[in-house]
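Welcome! Take a moment to look over the chain and its fold, and then we will walk through it together, beginning with a single residue.

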Amino acid sequence: MACTGRLGAAALSLKGMPTRAAQRERSPCGGGGPCTAAAGVDYKTMNLGASYNFGVVTPMLLIASDRGNGKRVDLYSLGVKMPLGAGELRAAYTWYKDKKQSDADSQRLALGYGYKLSKRTEIYAAVARMSNDDKASRKLGSSLSPTPAVGKSLTGYEIGLRHNF
């Protein structure tokens, strides 16, 4: 079955400037590929992000919104990364705001470090804490991570090796 959704994206990078900005909109699965959304669900997602590299610190901002099936969750995230030794320190605060249900917001705080072994290879470690309101059960990142009980918070850790080909 072909999807009747649409996909739009834009990115901006100013030549000679350490600035990046991007915007993306998707409804419901875009690109004409097979639909993954349930039949009859009007699903839309949008995000807008920007960063600026000041040399000693790179602040980042992300604003996103998921809407569909009578639900809407907006996301606001502020992050920072900065060189530290042979690597990079990373931190982010994210607020999930449920626009259709009260007392169902979540907040995530994350801190990590990546150590460069070479120009393309890095080892990294991070810790994150997701705090859910009484009616929220958001989880950390991956679809494989456990979903907490409603109103419960969770903490996650990751250690990995990244190689860019």
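Let us start with Asp 105, which counts as buried because its relative accessibility is 11%, under the 20% cut-off for that class. Keep in mind as you read that this is a predicted model.

Where does Asp 105 sit? You will find Asp 105 in the loop between S6 and strand S7 (106-116). Its side chain and that of Lys 97 are joined by a polar contact of 3.3 Å. If you set aside neighbours within four places in sequence, Asp 105 touches several other residues, including Trp 95, Tyr 96 and Asp 98. Ser 131, Asn 132, Asp 133, Ala 136 and Arg 138 are also among its contacts.

Now step back to the whole chain. Of the 165 residues, 25% count as buried. The accessible surface comes to about 10,900 Å², and carbon and sulfur atoms hold 59% of it. Contacts also reach along the sequence: among those between residues at least 6 apart, 39% join residues at least 24 apart.

S4 covers residues 58-68 and S5 covers residues 71-84, while S6 covers residues 87-98. The table sets out how they pair.

| Antiparallel pair | Bridges | Residues between the strands | Turn residue with positive phi |
|---|---|---|---|
| S4 and S5 | 11 bridges | 2 residues | Asn 69, about 55° |
| S5 and S6 | 12 bridges | 2 residues | Gly 85, about 65° |

Each of these pairs forms a hairpin. To find your way in the first, look for Asp 66, which stands opposite Val 73 in S5. In the second, Leu 84 stands opposite Gly 87 in S6.

Which residues make the nonpolar patch of about 710 Å²? The patch is built from Leu 48, Leu 61, Ile 63, Tyr 76, Leu 78, Tyr 93, Trp 95 and Leu 109. S4, S5 and S6 each supply at least two of its residues. In a regular strand, side chains alternate between the two faces of the sheet.

Tyr 76 has its place in strand S5, and it counts as partly exposed because its relative accessibility is 30%. Asp 105, where we began, counts as buried at 11%.

Notes. Residues are numbered from 1 along each chain as its sequence is written. This is a predicted model: local features need pLDDT of at least 70, side-chain atom pairs count only at pLDDT 80 or more; totals for chains, interfaces and linings use all residues. Side-chain values use heavy atoms; hydrogens and water are left out. Two strands pair if DSSP finds at least two bridges between them. Helices (H or I, at least four residues) and strands (E, at least two) are DSSP runs, numbered from the N terminus. Buried means under 20% relative accessible area, exposed over 50%, partly exposed in between (1.4 Å probe, protein chains only). Contact means heavy atoms within 4.5 Å. Accessible areas come from the Shrake-Rupley method with a 1.4 Å probe; for residues, only the protein chains shown count as cover. Patches are made of residues with over 30% relative accessible area and no salt bridge: like charges are joined within 9 Å, nonpolar side chains (Val, Leu, Ile, Met, Phe, Trp, Tyr) within 5 Å. A salt bridge is a side-chain nitrogen of Lys or Arg within 4 Å of a carboxyl oxygen of Asp or Glu. A polar contact is a pair of N or O atoms within 3.5 Å; within protein, one must be able to donate a hydrogen and the other to accept it, and residues adjacent in sequence count only if both atoms are side-chain atoms.
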